[in-house]
Amino acid sequence: MAIRTIGAALLVWALALSYSVRALQRPSSLPLPTAAAQSAPAPPAADQPPGNADCFGCHEDDSTQRQNGTPVVVKPAVYAASVHAGLGCVDCHQDLEKAEFPHPEKLAKVNCATCHEEAVAKYKTSVHARARQGGSTLAASCVDCHGSHETRSKTDPTSATHHLRLAATCAKCHGNAEVIARSGIPADVTKQFADSIHGRVLAKSGLVVAPTCSGCHGAHDILQPKDVRSPVATANVPSTCGKCHEGIALQFKAGVHGQLLAEGKRDGPACQTCHTAHGIQRADQAAWQLSVIGQCGTCHAERIATFRDTFHGQVTALGYRTVAGCADCHGPHEILPASDPRSPIAPANLVATCGKCHENANANFVKYDPHANKHDAARNPVLYYISKFMTVLLAGVFGLFGLHTTFWFSREVRARRERLRTTDHKGTA
Amino acid sequence: MTTAFSGERHITRFSRADRVLHGLLMLSFLGLALTGMPLLFSTSAWATRLARVLGGFAVAGTLHRVFAVLLIGVFATHLARIVRRVVVEKDHSVLWGPTSLVPQPRDLADVVQHFRWFVGRGPRPAFERYTYWEKFDYWAVFWGMAIIGGSGLMLWFPELFSRVVPGWMFNVALLVHGEEALLAVGFIFTIHFFNGHLRPEKFPMDIVIFTGRLTEAELQHERPAEYARLQASGELGRLRAPAPTPRDVVVGRTIGTTAVAIGLLLVGLIVFAVITH
């Protein structure tokens with residue numbers, strides 16, 4: 001046990017050494033902060049940088065505050081639990097190395113790139129960094145997600161950037177109505193995410209295989225979806241989802257929708273077009289399967305209209321899943337035209353496809369048109385003329401009897417009035 | 001105007017069997033309309049709610065088929081009774097003549113005369129036992145049974161029918177089933193209700209189809225030709241009946257009011273769905 005502790009301490013120490021060139025020059029300034037905090041503060045010598053103990057001498061005291069009254073407290077215990085515990089305060093607050101004490105209130109901004117060069121370089125390309133460059137004070141910087149003195153590793157379950165906690169961290173801004181209104185960022189999607197299959201699996205089942213925000217958007221180099229380099233740009237979405245849903249992504253890419261996307265055609269859907277971006281629901285739920293029919297209809301307007309005229313369309317519109325929706329015949333992801341022999345709606349496959357529900361379907365049966373259009377004489381001639389006949393029949397019957405009824409009604413009203421008038425006459429006479 | 005039934009002499013117009021059959025016809029028709037309309041107007045908000053009230057699509061579908069079988073049973077019973085009267089009882093008056101429901105030349109004259117009366121250019125036609133609009137209602141059921149019943153059976157057993165008819169006939173079947181149902185429902189719940197119950201002379205309702213009797217004065221006023229014929233042949237005396245009991249009247253009014261209320265509600269929903277579509 002003791003050996004292990006010593007070993008761990010040595011490791012932390014070695015890491016700290018490698019991180020800070022400055023620290024190498026003054027190895028004596030790297031005692032464990034907790035130990036240092038216990039010793040009485042002494043004013044640092046003018047030619048020697050202050051140690052952590054010197055800093056905590058003032059900053060662990062709850063009464064330490066700026067002139068405007070805001071506290072500038074850093075608890076040694078909090079810092080000791082952070083991933084940076086092995087570093088000296090001046091390793092980050094480098095401007096304090098040579099400062100006179102008490103030092104000025106306004107310190108230079110900490111440059112995380114001193115150590116985290118790659119992460120900061122990525123961050124600088126991000127929508128957050130660009131917003132900051134544009135003058136935003138709300139866009140996230142390093143500390144907004146990672147914290148400052150309390151920063152913990154993302155592998156630490158208590159870290160704000162841990163997989164199970166990241167969504168809540170992003171929601172500090174992206175779920176905050178005030179921040180949304182002031183910074184013009186997209187409307188709150190955090191609740192949709194929390195209700196989604198991904199959000200629920202993370203929160204309720206604690207499954208870390210489900211993606212959190214960074215799974216799709218990236219972490220440091222988050223870009224707007226309209227940026228073609230973004231993993232959530234429409235063209236990249238199938239690959240992004242495919243990181244986990246590889247089998248589905250392969251099917252999707254083989255289908256007409258995936259091909260449209262690959263050809264750079266913007267009217268083709270990607271995963272989020274049907275599944276939504278944040279509110280993704282379980283695909284085996286009837287409610288979702290019914291709602292996605294409407295999604296298909298947002299592009300396939302004529303197809304959905306003719307589908308709604310059929311029994312399948314009527315029953316699904318009523319909210320019952322016992323009959324076929326789009327995906328039952330066309331397939332969900334690898335959607336292919338009827339001209340492709342692999343398609344479930346290819347003529348040779350129709351008996352099998354219809355037969356999934358209609359057990360005794362035969363060649364005659366599949367002459368049924370699941371998208372019959374009564375207004376299309378070329379596609380459905382018999383239906384077209386029968387529909388015309390029915391319209392004439394209904395208009396004729398209601399027209400003639402409507403007229404008959406109107407005449408009759410007015411005649412009887414008149415007759416009643418006359419009768420009342422005569423009885424009135426007799427009564428007064 | 002007299003409201004008391006007991007003080008007047010009554011005549012039997014409909015036999016008990018006819019009244020029962022009409023009652024079952026009403027029941028099955030209302031049931032079919034209620035369970036079918038949600039499907040026809042499936043994209044309307046009320047359709048979803050009505051389907052749920054009926055116990056869901058599957059239950060509504062089963063009820064629809066139960067009512068369909070009932071209606072087919074009523075229709076078959078009626079046909080069987082007609083056949084018996086013609087074949088067994090050798091009563092050919094069913095097929096032709098003043099008491100037949102088969103359209104007669106005089107019906108055409110009645111239509112013309114009725115319209116003349118509407119515009120004040122002549123007396124009211126002297127109607128016989130069945131008027132032209134009643135005959136239209138009657139034959140509309142035959143047409144409806146063939147079209148809606150036939151298409152309904154096709155839609156009920158598509159795999160079976162597909163052995164004989166091509167699949168696109170199911171497209172046609174669904175279209176005519178719905179359109180014809182709309183015609184039937186719209187016609188019965190507006191025109192038939194108006195002719196039978198809601199027009200000023202009958203308002204709020206005529207319960208002869210429930211009690212089977214009407215007053216002699218009513219018969220004389222509404223169907224003078226029939227009244228004269230019955231008087232001349234001496235049949236009138238044989239058809240005399242006691243006034244319907246107060247209970248019969250209440251039962252008749254309750255059934256009639258309920259049916260009219262459901263019917264008008266459905267018409268309202270249909271109109272709403274068509275307007276908001």
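Tutor: Start with a sheet. In chain B, 3 strands form an open sheet in the order β2-β1-β3, with antiparallel pairing. The edge strands are β2 (213–215) and β3 (240–241) of chain B. Strands here are DSSP E runs of at least two residues, helices are H or I runs of at least four, and both are numbered from the N terminus.

Student: Why are β2 and β3 of chain B called edge strands?

Tutor: Each pairs on one side only. Two strands pair if DSSP finds at least two bridges between them.

Student: How do you know that β1(B) and β3(B) pair?

Tutor: Strand β1 (residues 10–12) of chain B is joined to β3(B) over 2 bridges, in the antiparallel sense. The definition asks for at least two, so the label holds. Within this pair, I11(B) stands opposite R240(B).

Student: What are the ground rules for the numbers?

Tutor: The model is predicted: local features need pLDDT of at least 70, side-chain atom pairs count only at pLDDT 80 or more, and totals for chains, interfaces and linings use all residues. Residues are numbered from 1 along each chain as its sequence is written, chains are lettered from A and ligands numbered from 1 in the order in which they are written, and side-chain values use heavy atoms, leaving out hydrogens and water.

Student: What makes E412(A) and R199(B) a salt bridge?

Tutor: Their closest N and O atoms are 2.5 Å apart. A salt bridge needs a side-chain nitrogen of Lys or Arg within 4 Å of a carboxyl oxygen of Asp or Glu, so this pair qualifies. Across the interface of chain B and chain A the rule finds 1 salt bridge.

Student: Which elements of chain B supply the side that touches chain A?

Tutor: Those giving two or more residues include α1 (16–40), α5 (132–156) and α7 (168–198) of chain B. α7(B) gives the most, with 17 residues. In contact (heavy atoms within 4.5 Å) are 50 residues of chain B and 44 of chain A.

Student: Why is Q281(A) called partly exposed?

Tutor: Its relative accessibility is 29%. Buried means under 20% relative accessible area, exposed over 50%, and partly exposed in between, with a 1.4 Å probe and protein chains only; Q281(A) therefore falls in between. Q281(A) sits in the loop between α18 (271–275) and α19 (286–299) of chain A.

Student: How do you know that Q281(A) makes a polar contact with R200(A)?

Tutor: Their side chains come to 2.9 Å. A polar contact is a pair of N or O atoms within 3.5 Å; within protein, one must be able to donate a hydrogen and the other to accept it, and residues adjacent in sequence count only if both atoms are side-chain atoms.

Student: Why is K90(B) called exposed, whereas T276(A) is partly exposed?

Tutor: K90(B) has 58% relative accessibility, so K90(B) counts as exposed. T276(A) has 35%, so T276(A) is partly exposed.

Student: What makes the phi of these two worth a remark?

Tutor: Most residues other than glycine have a negative phi, and most peptide bonds are trans. Phi is about 65 degrees in T276(A), which is not a glycine. K90(B), also a residue other than glycine, has a positive phi near 55 degrees.

Student: Which peptide bonds are cis?

Tutor: One joins F101(A) and P102(A), with omega about -5 degrees. Another runs from F203(B) to P204(B), with omega near 0 degrees.
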